[in-house]
Amino acid sequence: MWMHYKSTRNSGLRLPASQVIAQGISQEGGLFVPESLPQVREKLPLWKEMDYRGLAKAVFAEFLTDFSEEEISQCVERAYAPDKFEGGEPVKLVPLTDSKYLLELWHGPTCAFKDMALQILPHFLTKSLEKSAQGKEAVILVATSGDTGKAALEGFKDVPGTRILVFYPRDGVSPMQKRQMVTQEGENVGVCAIEGNFDDAQTAVKAIFTDPGMKRALAEKGMMFSSANSINWGRLLPQIVYYFYSYLELVRRGRVHSLEEPINIVVPTGNFGNILAAYYASRMGLPVKKFICASNRNKVLTDFIRTGVYDRRREFYATSSPSMDILISSNLERLLYALSGEDSRALAGWMEDLKEKGVYDVGPQVREKVQGLFYGGFCDDEGTARTVKRTWEQEGYLCDTHTAVALDVYRQYTEETGDGDTPAVIASTASPYKFVGHVLGALEPLGEEDEFESLHRLEALTRTQAPGQLVSLRGKEPRFTQVTPKEQTAAFVRRALGLS
Ligand SMILES: *Cc1c(COP(=O)(O)O)cnc(C)c1O
């Protein structure tokens, strides 16, 4: 069957996957969604026999119907090559108790779950450009607060037909994240610090995207801008795979006894991308009882799930789980589109309210649907540190701060509902060593030490091993030391691309 895509703010569109991936976002500002979700219940017995790469190919074939089997296979083999994911399967399912499983998504090159999507997006994108944009060279501009920038750099590094430029706020990323970016290898990459905060970086990049003069100059050189942002369908799709994988792994291990038995899924959430992929998997036929949405102190989603009112008019907190420090969860738009009966007019109205007033109310009908599917909870920094410590001391598992937020909200859920026997898959989104300061600090007092001293202290204390990709950063020479005032970002892009 041929799969087309429409927009959350224009149900009349019908576009092929390649165009949706190349374009990133719909012209009227909506997000691309599949026109229907493939029903795969009957394929699960077959999928159960597949390894991760085989399963990924099967899932992608359902959605990328304008890609050949050969093209999909190439994308998967290149993206999830064993040497990029510490050998073996790209993800690991680790039991903590008989019903609590951690789905480790951070064995890729940058030690955070964003690798699962950003390792394969460049391959999807270059194939899409061949199909829908006559093989133009893609220029990826990224404004990052940390994890996305590095994962995108690693994904696009030396991919033919692409260039990537990443901008990060000079004072807004962790020392380890900065080190990861400024030492980046690859011939087609560029990194620049911006004087200002993340919003300044994002605003500067957005202005370049929409500058007609810049667009013309690019076109003359046979280039076009594209996006590696989490609203790109090409970033969401790869995340559907690991929810099927973890479920089928529980079946293989005999913990789930039939292909009808449901599980709970727990996700530490920021932009609502990762948990939305789980929702799509369930709409395709994966049996899920409850989606447990875990937030940090920026608990705009917890409040939304509990009240039906999305209100971003609140203080922003910098927390120990910085990749979830976000007040506008862009991918929620896709969920609300589905739950409102694909009412693109209602959607456009709510998003307009969000932009103009900073708040919207989805009303009782949609609210009840949200509450039927989702449980929302949050955990502050103190609870996060306590959970890191308790999980290490009582369960022998060293988790990062984002994963700790999920573990604590899952605890709240089981205490509140008594539903502790349903097998739960908890997304573990980063290596504890990526946020080593906060993790070590939860176990022992921190002294005057740099991130590598903390890293070795954490290794000695827990007798675990830091990922080689982080350890080796110490000896790497910085390649990108440029800092630019935000007003000069466009000039930087012109110089980097050799535009007039
Ligand atoms: C990006 C990120 C998240 C949040 O994922 P969303 O898809 O934005 O909800 C959670 N944990 C880590 C480590 C991340 O990098």
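Me: How do helix α3 (residues 52-63) and helix α4 (residues 69-79) pack?
Reply: In this predicted model, α3 and α4 pack at an angle of about 140 degrees, with axes 10 Å apart.

Me: What is the hand of the crossing of α3 and α4?
Reply: The crossing is right-handed.

Me: Which residues of α3 and α4 meet?
Reply: Arg53, Ala56, Lys57, Phe60 and Ala61 come from α3. Their counterparts in α4 are Ile72, Ser73, Val76 and Glu77. By class, this contact holds five nonpolar, one polar and three charged residues.

Me: What makes β2 and β3 edge strands?
Reply: The strand order is β2-β1-β3 in an open, antiparallel sheet of three strands. β2 (10-15) and β3 (32-34) each have a single partner strand, so one side of each lacks a neighbour in the sheet. On average, neighbouring strands here are turned by 35 degrees against each other, direction ignored.

Me: How do you know that strand β1 (residues 5-7) and β3 pair?
Reply: Pairing needs at least two bridges. β1 and β3 have three, in the antiparallel sense. The count meets the cut-off, so the two strands pair. Lys6 stands opposite Val33 in β3.

Me: How do you know that strand β4 (residues 92-95) and strand β5 (residues 100-104) pair?
Reply: Four bridges join β4 to β5. At least two are needed, so the pair qualifies. The two strands run antiparallel, and Leu93 stands opposite Leu103 in β5. β4 and β5 form a hairpin, with four residues between them.

Me: Which strands stand at the edges of the five-stranded sheet?
Reply: This open sheet has the order β9-β6-β7-β8-β16, with parallel pairing. Its edge strands are β9 (223-226) and β16 (483-485), each pairing on one side only. Neighbouring strands are turned by 30 degrees against each other on average, direction ignored.

Me: What makes strand β8 (residues 189-195) and β16 a pair?
Reply: Three bridges, in the parallel sense. The cut-off is at least two, so β8 and β16 count as paired. Ala193 has Val483 as its bridge partner in β16.

Me: Which helices lie across strands of that sheet?
Reply: Helix α10 (residues 212-220) lies across β6 (137-143) and β9, at about 130 degrees to β9. Helix α22 (residues 489-497) lies across β6, β7 (162-169), β8, β9 and β16, at about 150 degrees to β7.

Me: How many aromatic pairs are found, and why is Tyr279 with Phe291 called edge-to-face?
Reply: The whole structure has 21 aromatic pairs. For Tyr279 and Phe291, the centres lie 6.2 Å apart and the planes are at 65 degrees. A pair needs centres within 6.5 Å, and edge-to-face needs over 60 degrees, so both conditions hold for Tyr279 and Phe291. Tyr279 is in helix α12 (residues 273-284) and Phe291 in strand β11 (residues 288-295), twelve residues apart.

How values were computed: Residues are numbered from 1 along each chain as its sequence is written. This is a predicted model: local features need pLDDT of at least 70, side-chain atom pairs count only at pLDDT 80 or more; totals for chains, interfaces and linings use all residues. Side-chain values use heavy atoms; hydrogens and water are left out. Axes are lines fitted to C-alpha atoms, for helices over the stretch in contact, and angles run from 0 to 180 degrees between N-to-C directions. A crossing is left-handed if the near helix is turned anticlockwise from the far one by less than a right angle, and right-handed if clockwise. Contact means heavy atoms within 4.5 Å. Ala, Val, Leu, Ile, Met, Phe, Trp, Tyr, Cys and Pro count as nonpolar, Asp, Glu, Lys and Arg as charged, and the others, Gly among them, as polar. Rings of Phe, Tyr and Trp (its six-membered ring) pair if their centres lie within 6.5 Å; planes under 30 degrees apart count as stacked, over 60 as edge-to-face and the rest as tilted.
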